[in-house]
Amino acid sequence: QVQLVESGGGLVQAGGSLRLSCAASGRSFSSYHMGWFRQAPGKEREFVAIIHWNAIMTYYAASVRGRFTISRDNAQSTVYLQMNSLKPEDTALYYCAKAIRYGATLPADFTSWGQGTQVTVSS
């Protein structure tokens with residue numbers, strides 16, 4: 001069972017940038033596909049991005065494509081989400097999770113969720 005801890009959230013003005021980190025415990029991180037989700041108050045958890053275990057493939061939600069970049073450092077057991085050109089509608093609690101398969105975009109296809117890190121974008 002992998003444990004995940006997100007960090008890097010905060011308050012930023014629209015147009016600004018943040019980089020989220022997700023640190024994983026356990027020795028098998030390098031074999032996991034990893035993803036990021038977000039959830040705004042009163043809304044369902046929303047897929048953001050996923051990265052293949054060896055980083056050869058990534059996939060993004062249309063709402064963040066071109067602005068967000070998912071990456072990973074398997075030596076550090078960490079996955080990142082670089083967020084640029086942030087908009088107020090990006091405000092949410094951001095979670096990382098382990099995917100059961102590459103290409104998954106539904107929360108039910110992810111396990112081992114972290115506690116989340118809050119991102120707030122002011123207008």
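**Exercise 1. In this predicted model, find how many disulfides a search of the whole structure gives, and characterise the link.**

Step 1. The search returns one disulfide.
Step 2. The partners are Cys22 and Cys96, with sulfur atoms 1.9 Å apart. The cut-off is 2.5 Å.
Step 3. Check the handedness. The angle about the S-S bond is 60°, and the link of Cys22 and Cys96 is right-handed.
Step 4. Cys22 sits in strand S3 (residues 18–24) and Cys96 in strand S9 (residues 92–99), so the pair ties together parts 74 residues apart in sequence.
Step 5. Buried means under 20% relative accessible area. Cys22 is at 0%, so Cys22 counts as buried. Cys96 is also at 0% and is buried.

**Exercise 2. Work out which strands stand at the edges of the open four-stranded sheet.**

Step 1. Write the strand order: S1-S3-S8-S7, with antiparallel pairing.
Step 2. Read off the ends. S1 (4–7) and S7 (68–73) each have a single partner strand, so one side of each lacks a neighbour in the sheet.
Step 3. Neighbouring strands are turned by 15° against each other on average, direction ignored.
Step 4. Inspect one pair. Six bridges join S7 to S8 (residues 78–83), and the two run antiparallel. Across from Arg72 is Val79 in S8.

**Exercise 3. Decide whether Gln3 is buried or exposed, and list its contacts beyond four places in sequence.**

Step 1. Locate Gln3: the segment before S1.
Step 2. Relative accessibility is 57%, so Gln3 counts as exposed. The threshold is over 50%.
Step 3. Beyond its neighbours within four places, Gln3 contacts Ala23, Ala24 and Ser25.
Step 4. Compare sequence with space. Gln3 and Lys98 are 95 residues apart in sequence, yet 9.6 Å apart C-alpha to C-alpha.

Methods
Residues are numbered from 1 along each chain as its sequence is written. This is a predicted model: local features need pLDDT of at least 70, side-chain atom pairs count only at pLDDT 80 or more; totals for chains, interfaces and linings use all residues. Side-chain values use heavy atoms; hydrogens and water are left out. Two strands pair if DSSP finds at least two bridges between them. Axes are lines fitted to C-alpha atoms, for helices over the stretch in contact, and angles run from 0 to 180 degrees between N-to-C directions. Buried means under 20% relative accessible area, exposed over 50%, partly exposed in between (1.4 Å probe, protein chains only). Contact means heavy atoms within 4.5 Å.
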